[in-house]
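Q: Got a structure I'd like to go through with you. Can we start with the aromatics?

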Amino acid sequence: MTSVKTKTLQVGDGASAVVVPDATPPVYKRRRKPLTFDKVSFFVVFLGLPLAIYLLFVIWPFIQAFGYSLTDWSGFSPKQNFIGLENYQKLFTDDIFMKAMGNNILLVIFLPIITIILSLVLATLVTVGGGSRGQIKGLRNSSFYRVVSFFPYTIPAIAIGIMWGQIYDPSGGLLNGILTSLGLEQFKAFAWLGDKSTAMIATMFVIVWGFIGFYMVLFVAGIKGIPAELFEAARIDGAGRFRTAVSITIPLIRDNIQTAYIYMGILALDAFVYMAALNSGGGPDNSTLVMSQQLFFTAFTKGQFGLASAMGVVLAVATLIFSGLVFLVNRLTGGDKDVSL
Amino acid sequence: MNIQQQSFARRGFLRGALAAAVLVPLAGSMASCAADGGGGTAGPTGTVSDTNPFGMADKSTVDAVIFKGGYGIDYVDFAGKAFENAHSGSTAKISPSTDIAQELQPRFVGGNPPDLIDNSGAKAIGFSTILAQLEDLTSVVNAKNLEGKVIKDTLYGGVLAPGTFEGKLAAMNYVLTVYAMWYSDALLKDNGWTVPKTWDELYVLGEQAKAKGKYLFVWGKEAATYYQEMAIASAIKEGGQDVRLGLENLKADCWSHPALQSVFTALEKIIKAGYFKPGGSGTQFTAAQAQWSNAQEALFYPSGSWIENEMKDQTKSGFQMTGAPVPSVTTSSKLPYASLHSAAGEPFVVPSQGKNVPGGKELLRVMLSKDAATNFAKTKLAPTIVKDTVPADGFGSTALVSQTKLLSDAGDNIYTWNFIDLYGTNKDQLVVWNTFLDGKSDVATLTSNLQEITDKIRNDSSVKKIEVK
């Protein structure tokens, strides 16, 4: 661990030690330069425009949504009454919404962990998991595996959902077909998506299946950025593959993992497409219902836009809290003072 | 109606799901379309006459948005052409939509809704939310149709009821749907079986079917509430209008009515005996329906009369699809065995704020002409609310012939209910029914869960209740 740190620090120092010319201009020269047309047009196009678009299409709607969440707006009339925080009170006493929130929390805990662990394992195998003689390399044919495992990510989410819906079909589905042909007769008409005990797990599997390849590629890129000498040194010191992964790979691509965790978590807090495709109604006993689905039903089939806006606000706040938590955990576990290349 | 909408949902499913995927992250911005609504623009008015009963201005344009589901929109195109012929210089602009609520929400809020809407499909606008903004269509039924007859005299009885809310005829439901227990006449005849008239007879038939390797019923996860429809229809037959009014008005303990309980118990007996094909709660409903209509793994399927059109491509040849009334509990039920759940669907509405309100009504009047209605029956194999448009051979469809027979057998004993549509509870009820049909709950759980859904609406002061008498 220590040797790793020193080494990396040296590398880092080297990179930042490039001398920037005119780094410290004399104080009297720090007057504002006249605004030329070039400068102004640059500001307008590259700063002003994006900012304006951001304010108009992201911030303003959000403020509006919060405003509507305090009303009883039906969504189809220009009129609405201010009812204060009543919608929020209703949400937190509504068992179905709480169930949906619970499911989202379940997803946010397990989806990123499972996806990241599996794709890390795969990434390690195809980059440094190869033979223990000669150069550090991945398994044989690793470039082939890399391409193949990226395939699912190129399929649109809705297509993935529909495809797996067919595979899970109790009577004509591929999965039960395989299981029964292996002699497991109890799966003859087993409803994977229709049974409370398996619906969520089956759904999670589909999402993980869809994303594993993408995160694998992300981690491969990260691992490729680590100098091969580090791995060689570890090998000479007698570290096995697991030890190398835990002590070298993971600490050095920590930032990538954090990013992956946040992205995957945000996906888990939404998850709308997968849930809608696999179990549009929320699954048996609402076991796969998520907040975004409930928001959609409330707004468009029940005509309660005020309440739906409140759900949107809760969803947004949950996302922010989640990102904050990931950063906090990373910091508490020493992420800020840890290594980077 | 809601049940029907469910079955059409799959057509717009891909698009809907994709649109939703884009929309949900922007949950906030969805609401942002709401600005201060513009004031209503009164439509230009022309001279009122028998050929122009609503005083539509000459050479005006009618803007119609039609739900594009199982029936498509070509029947409105057909009426649009007739409209343009009747009023030269005027144009009917007919646009399809698979997602009425989402597409029209900004137009309603902006005070610029279309002149005529077919508010149907899984994503229809809940009626209680827009009721105040709709025209009363009584003037349309009082007007004369293109053939010179007063429209209300040409309609089937009771068809205006589902569109009437608190005394206002806010929606004109165009298509007549018959709810029944559908089966293959050929299959039953081949085995020497007859259609069971009570739940007990049904149970006995289940045993015989099982001996031949067939189930009584199949179900799909998105359509589990078809069995709720069946149960309510059978319970109303047993217990009379009390049952219906209790449910419609969201009464406490309405699901504990003895008639409903006896139907639930009969269903439970069939489920526990294994006469339902297992795995339905994980099966797409169209796949389940094909197991019935194509693979013939089950004998019966409760559904609306759209089932023939919907499964057209997946029905075994020589199937002879036929509808029967749902079974009664006892032979001494309050309403006769032949009484029927039938309702007009595809609700057409005319928003008061539209630019050409008379034009919207005029197009609707053209649709209710005998010519346009016959065209619909012929191309969609389903009757409209206009009488006498289906010939005796039902355009060659056994299902259509059986519908006409069911309707005439039932006479005045036709009933329907609205509470599921009105309060948008179908989704919550699906969950409960899937569990029940799976054999994972019992009558007591089913009852308390359904009651909970009803109670939640009743106790929610922000939901506008509509009293049914």
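Q: Is B:Phe217 buried or exposed?
A: This is a predicted model. In it, B:Phe217 is buried, with a relative accessible area of 0%.

Q: Which ring does B:Phe217 form an aromatic pair with?
A: B:Phe276. The centres are 5.2 Å apart, with 35 degrees between the planes. That pair is tilted.

Q: And B:Phe276, buried or exposed?
A: Buried, at 5% relative accessible area.

Q: How many aromatic pairs over all chains?
A: A search of the whole structure gives 44. One of them joins A:Phe296 and A:Phe300. Their planes are at 55 degrees and their centres 5.2 Å apart, so that pair is tilted.

Q: Why are A:Phe296 and A:Phe300 about one helical turn apart?
A: Because they are 4 residues apart in helix α13 (residues 291-301) of chain A. A:Phe296 is buried at 8%, and A:Phe300 at 3%.

Q: Which cluster do ring pairs link them into?
A: One that includes A:Tyr68, A:Trp73, A:Phe305 and B:Phe108.

Q: Switching topic. Which residues have the most contacts inside the largest nonpolar core?
A: B:Tyr174, B:Phe300 and B:Trp433. That core has 168 residues. Strand β6 (residues 172-184) of chain B gives the most to it, with 10 residues.

Q: What lies over the face of B:Tyr203?
A: B:Lys269, at 4.2 Å from the ring centre.

Key: Residues are numbered from 1 along each chain as its sequence is written. Chains are lettered from A and ligands numbered from 1 in the order in which they are written. This is a predicted model: local features need pLDDT of at least 70, side-chain atom pairs count only at pLDDT 80 or more; totals for chains, interfaces and linings use all residues. Side-chain values use heavy atoms; hydrogens and water are left out. A nonpolar core is a set of buried Ala, Val, Leu, Ile, Met, Phe, Trp, Tyr and Cys residues joined through side-chain atoms within 4.5 Å. Buried means under 20% relative accessible area, exposed over 50%, partly exposed in between (1.4 Å probe, protein chains only). Helices (H or I, at least four residues) and strands (E, at least two) are DSSP runs, numbered from the N terminus. Rings of Phe, Tyr and Trp (its six-membered ring) pair if their centres lie within 6.5 Å; planes under 30 degrees apart count as stacked, over 60 as edge-to-face and the rest as tilted. A charge sits over a ring if NZ of Lys or CZ of Arg is within 6 Å of the ring centre and within 35 degrees of the ring normal.
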